[in-house]
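Dear colleague,

Please find below the structure for your review. A summary of the findings follows it, beginning with the pockets and ending with the sheet and its helices.

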Amino acid sequence: MTHSTGRTADHAIDPVFLDRWSPRAFTGETMPHETLLSLFEAARWAPSAANGQPWRFIYGHRGSAAFDAIYSTLDEGNRRWADKASVLVVIVSQTHRKGADGEMRPAYTHAFDTGAAWAYLALQATHAGYHAHGMGGIDRAKAMEVLGIPEGFRVEAAVAIGRIAPKETLPDDLMKREVPSTRKPVAEFVSEGRFTG
C-alpha cells in the first residue's frame with residue numbers, strides 16, 4: 001500500500017501510521033488547549049507494567065514562559081526550527097516506584113512504558129491534524145534543573161507539536177531533509193524463536 005506521503009507499507013496497516021512523521025517546518029499558530037489535552041488524554045491510555053503509568057509531560061504553549069524554559073534546554077540544532085512549534089513538551093519517566101513492602105524499587109520498564117505513551121500522543125496529534133516531532137537533542141541536566149524535575153525521574157526526550165508549514169520556510173539544509181523517512185522491512189527486525197541480529 002502506497003500512501004500520499006510516498007511511504008509504502010508491505011503489510012496492511014491503518015493509514016495513520018503512514019501519515020505520522022516528524023517534520024521540522026511548523027506554522028507557529030496557536031494550538032487550542034483542549035486539543036493539546038486530547039493528546040495527553042490519548043497518552044493516558046497507553047499500556048504500562050502493573051499499570052504504573054510512569055510518564056510525565058511538562059508543556060509550554062508558544063509565547064509563554066514555560067515554552068521559553070523548555071526551548072532553552074534544546075540542543076542548538078533543534079532550536080533552529082523548534083521556535084515555530086505551537087507547543088513544546090518534555091517527556092519524563094519515573095525510574096523507581098514503591099513495591100508492596102513500601103520500598104522504592106527500580107521500575108525496569110519505565111522507558112518502555114513512557115515510549116508507548118509518547119506513541120499514543122503522536123498518533124493522536126496526527127489524527128487531530130497536527131504533527132509531533134520527538135527530539136533526543138536536549139540538555140537533560142539543564143531540563144531537570146529548569147523544570148524542577150526531582151530525583152527518581154529521567155528526562156527521556158522533548159517534543160515539538162504544531163501544524164505543518166511549507167518546507168521552504170526552513171533553512172536550505174533542513175529543507176532538503178524535510179520529507180517523511182522510510183523504514184527497514186519487517187524481516188530485518190523480526191525473527192521467530194531466536195535472535196538473528
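The lining of the second largest pocket consists of three nonpolar, three polar and six charged residues. Please bear in mind throughout that this is a predicted model. The volume of the second largest pocket is about 160 Å³. Its lining includes Arg7, Arg20, Arg24, Arg177, Glu178 and Arg183, together with Trp21, Ser22, His133, Val179, Pro180 and Ser181.

Two residues of this lining, Arg24 and Glu178, also join in a salt bridge, with an N to O distance of 3.9 Å. This pair connects distant parts of the chain, as 154 residues separate the two partners. Glu178 belongs to the segment after helix H7 (172-175), whereas Arg24 sits in the loop between H1 and H2. In total, the structure contains seven salt bridges.

H5 supplies the largest share, with four residues. By residue class, the lining of the largest pocket comprises 11 nonpolar, five polar and five charged residues.

Four strands make up an open sheet with antiparallel pairing, in the order E1-E2-E6-E5. Strand E1 (55-61) and strand E5 (131-135) are the edge strands; each has a single partner strand, and therefore one side of each remains without a neighbour in the sheet. On average, neighbouring strands are turned by 25° against each other, direction ignored.

The pairing of E1 with strand E2 (residues 87-94) is antiparallel and extends over seven bridges. Within this pair, Arg56 is placed opposite Val92 in E2.

Helix H2 (residues 33-44) lies across E1, E2 and strand E6 (153-162), and its direction is at about 170° to E1. Helix H5 (residues 110-127) packs on the sheet, where it touches E1, E2, E5 and E6. The direction of H5 makes about 10° with that of E6.

With kind regards

Technical notes. Residues numbered from 1 in each chain as written. Predicted model: local features only at pLDDT ≥ 70, side-chain atom pairs only at ≥ 80, totals over all residues. Heavy atoms only, no water. Pairing = 2+ DSSP bridges. Helix = DSSP H or I, 4+ residues; strand = E, 2+ residues; numbered from the N terminus. Axes fitted to C-alpha atoms, helices over the stretch in contact; angles between N-to-C directions. Contact = heavy atoms within 4.5 Å. Nonpolar A, V, L, I, M, F, W, Y, C, P; charged D, E, K, R; others polar. 1 Å grid on protein atoms, 1.4 Å probe; cavity = no way out; pocket = protein on both sides within 12 Å on 5 of 7 lines; lining within 4 Å. Points joined across faces, edges and corners; volume = space filled by probe spheres on them. Salt bridge = Lys/Arg side-chain N within 4 Å of Asp/Glu carboxyl O.
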